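Hi,

Here is the structure I promised to pass on.

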Amino acid sequence: MTTPQNNPEWIAYRHPQPKESPPELVIPDAIPQDERVWVPVGNRVWFRPLCLSASRGYWVNLLKVQSAGVLSRHRHPQPVHGYVLKGRWRYLEHDWVATEGGYVYEAPGETHTLVVDADVTEMITLFQVNGAMIYVDPDGNTTGYDDVFTRIDKCRRHYAANGLGEGYVDQFIR
Ligand code: FE
């Protein structure tokens, strides 16, 4: 580590990290150079794993959409944090629009329908999703779900098929 000479503040912590603390995760190209890292989950819809927390039951990913329409109607049992990197999207149930550079908090208990409007050529949003996304019909009846484990499984299958290898996903799991 580079340290300015004679500056007493530039002293690293002198002790080992706790042995139970897992290694940190540093991804220089969150928007990946290699297009194969994007895992397809629909018609011109992909996610890119960043942190898949199997031990805590949440995941952080980028969602990329290059088609207009309804992505999913879903319920959140736990909170979600989102940061829009590109484009915009909205929920049919709310008046607001999530726009480039914007942050969104989705509260536990929310059920909503994510749509991308026709004039948006590409949307990329970072989401931190806790617990699960429960997919529902307009009356709230469950039609499916995703959690960190279904996300890991989708990554494994995609990376096994496209040459990165199923073990490629392991680097994102904590
Ligand atoms: Fe949501």
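In which sense do β4 and β11 pair, and over how many bridges? The two strands pair in the antiparallel sense, over two bridges. (Strands here are DSSP runs of E with at least two residues, helices are runs of H or I with at least four, and both are numbered from the N terminus; two strands pair if DSSP finds at least two bridges between them.)

Before the rest, a word on what you're looking at. This is a predicted model, where local features need pLDDT of at least 70 and side-chain atom pairs count only at pLDDT 80 or more, while totals for chains, interfaces and linings use all residues. Residues are numbered from 1 along each chain as its sequence is written, and side-chain values use heavy atoms, with hydrogens and water left out.

**The overall picture**

The chain has twelve strands and one helix, and along the sequence the pattern reads β-β-β-β-β-β-β-β-β-β-β-β-α. Its C-alpha trace spans about 65 × 35 × 30 Å along the principal axes. Of the 174 residues, 37% are buried (buried is under 20% relative accessible area, exposed over 50% and partly exposed in between, with a 1.4 Å probe and protein chains only).

**The iron site**

I'd go here next. The iron ion is coordinated by His74 (NE2), His76 (NE2), Tyr91 (OH), Glu106 (OE) and His112 (NE2), at 2.1 to 2.4 Å. Donors are N, O and S atoms within 2.8 Å of the metal (3.2 Å for Na, K and Ca), and water is not among the atoms, so sites may look incomplete. In sequence the donor residues follow the spacing H-x1-H-x14-Y-x14-E-x5-H. Histidine 74 in strand β4 and tyrosine 91 in strand β6 (residues 88-91) are 17 residues apart, and the pair links distant parts of the chain. Both histidine 74 and tyrosine 91 are buried.

**The sheet around β4 and β11**

β4 and β11 belong to an open sheet of six strands, in the order β7-β6-β9-β4-β11-β12, with antiparallel pairing. At the edges are β7 (97-99) and β12 (142-147), each pairing on one side only. On average, neighbouring strands of this sheet are turned by 30° against each other, direction ignored (axes are lines fitted to C-alpha atoms, for helices over the stretch in contact, and angles run from 0 to 180 degrees between N-to-C directions).

Histidine 74 has tyrosine 135 in β11 as its bridge partner, and tyrosine 135 in turn has glycine 144 in β12. β11 and β12 run antiparallel and are joined by five bridges. Their hairpin has five residues between the strands, and glycine 140 in it takes a positive phi near 90°. Four of the five residues of β11 are buried, so β11 is largely enclosed by the rest of the structure.

**β2, β3 and β10**

β3 is joined to β2 by eight bridges, running antiparallel, and eight bridges also join β3 to β10, again antiparallel. Cysteine 51 has valine 60 in β3 as its bridge partner, and leucine 63 stands opposite threonine 125 in β10. The hairpin of β2 and β3 has four residues between the strands, with glycine 57 in the turn at a positive phi of about 75°. Seven of the eight residues of β3 are buried.

**The largest pocket**

The largest pocket holds about 420 Å³ of space. Of its 27 lining residues, Val45, Leu63, Leu71, Ser72 and Tyr135 are the closest to its centre. (On a 1 Å grid over the protein atoms alone, a pocket is an open set of points with protein on both sides within 12 Å along at least five of seven lines, and lining residues have an atom within 4 Å of a point; the volume is the space filled by probe spheres set on the points, which are joined across faces, edges and corners.)

β4 gives the most to the lining, with five residues. The lining divides into 16 nonpolar, seven polar and four charged residues, where Ala, Val, Leu, Ile, Met, Phe, Trp, Tyr, Cys and Pro count as nonpolar, Asp, Glu, Lys and Arg as charged, and the others, Gly among them, as polar.

**One more thing**

Glutamate 24 sits in the segment before β1, and counts as exposed at 64% relative accessibility. Glutamate 24 and phenylalanine 172 are 148 residues apart in sequence, yet 10.0 Å apart in space, C-alpha to C-alpha.

Cheers

Key. 1 Å grid on protein atoms, 1.4 Å probe; cavity = no way out; pocket = protein on both sides within 12 Å on 5 of 7 lines; lining within 4 Å.
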